[in-house]
Amino acid sequence: MPVTVDQIRAVARELPRTSEHLIRDHVKFRVGQIVYAAITPDETLLGFGFPKEERAALVAAEPDKFLLPIPSDMRFNWVRARLAALDEDEMTELIIEAWRMCVPKKISALVPPPT
């Protein structure tokens, strides 16, 4: 069963300093001004923070699940995933790790790693 926006929202809302915004029909989660996750208007893709130097390997390993960012986002630490290909545990891990990229270490330490 594909991951839903409500499931993503439930994970993101529990993370300290997160705020949710609707920007050009995209649901976006951010810390301050830094967006760490975004859902496309058709709710089929999840964009999330991910180290640039690791994303090519991620996409190559699972091309049916992960996609490179759109060309204008290639300069950012960003990658995309097909919601239909994610399970809830994997989505939770991706959201939490993207959030960790945006917060200070002492805030990050407040949230245990997903089990």
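Which strands each supply at least two residues of the lining of the largest pocket? Keep that in mind while I set the terms.

This is a predicted model, so local features need pLDDT of at least 70, side-chain atom pairs count only at pLDDT 80 or more, and totals for chains, interfaces and linings use all residues. Residues are numbered from 1 along each chain as its sequence is written, and side-chain values use heavy atoms, with hydrogens and water left out.

Sheet first. Six strands form an open sheet in the order β1-β2-β3-β4-β6-β5, with antiparallel pairing. Helix α3, residues 88-100, lies across β1, β2, β3, β4 and β5, at about 35° to β4.

Terms, quickly. Strands (E, at least two residues) and helices (H or I, at least four) are DSSP runs, numbered from the N terminus. Strands pair if DSSP finds at least two bridges between them. Contact means heavy atoms within 4.5 Å. Axes are lines fitted to C-alpha atoms, for helices over the stretch in contact, and angles run from 0 to 180 degrees between N-to-C directions.

Now β4. Is it enclosed or open? Five of its five residues are buried, so β4 is largely enclosed by the rest of the structure. Buried means under 20% relative accessible area; exposed is over 50%, partly exposed in between (1.4 Å probe, protein chains only). Leu-45, Gly-47 and Gly-49 point one way from β4, Leu-46 and Phe-48 the other.

Look at the neighbours of β4. With β3 there are three bridges, antiparallel. Ala-37 has Phe-48 as its bridge partner in β4. The two strands form a hairpin with five residues between them, and Glu-43 in the turn has a positive phi of about 60°. With β6 there are five bridges, also antiparallel. Phe-48 has Val-79 as its bridge partner there, and Gly-49 stands opposite Trp-78.

One more residue in β3: Tyr-36. Its relative accessible area is 0%, so Tyr-36 is buried. Tyr-36 and Ala-98 are 62 residues apart in sequence, yet 5.5 Å apart in space, C-alpha to C-alpha.

Back to the opening question. The strands are β2 (26-31), β3 (34-39), β4 (45-49) and β6 (78-82). β4 gives the largest share, four residues. The pocket has a volume of about 610 Å³. It is lined by 22 residues, with Lys-28, Val-35, Ala-38, Asp-73 and Trp-78 nearest its centre.

How is a pocket defined? On a 1 Å grid over the protein atoms alone, it is an open set of points where a 1.4 Å probe fits, with protein on both sides within 12 Å along at least five of seven lines; lining residues have an atom within 4 Å of a point. Points join across faces, edges and corners, and the volume is the space filled by probe spheres set on them.

By class, the lining has twelve nonpolar, six polar and four charged residues.

Last stop: Ser-108, in helix α4, residues 105-108. Ser-108 counts as buried because its relative accessibility is 11%. Leaving out residues up to four places away in sequence, Ser-108 touches Trp-99, Arg-100 and Val-103.

Notes
Ala, Val, Leu, Ile, Met, Phe, Trp, Tyr, Cys and Pro count as nonpolar, Asp, Glu, Lys and Arg as charged, and the others, Gly among them, as polar.
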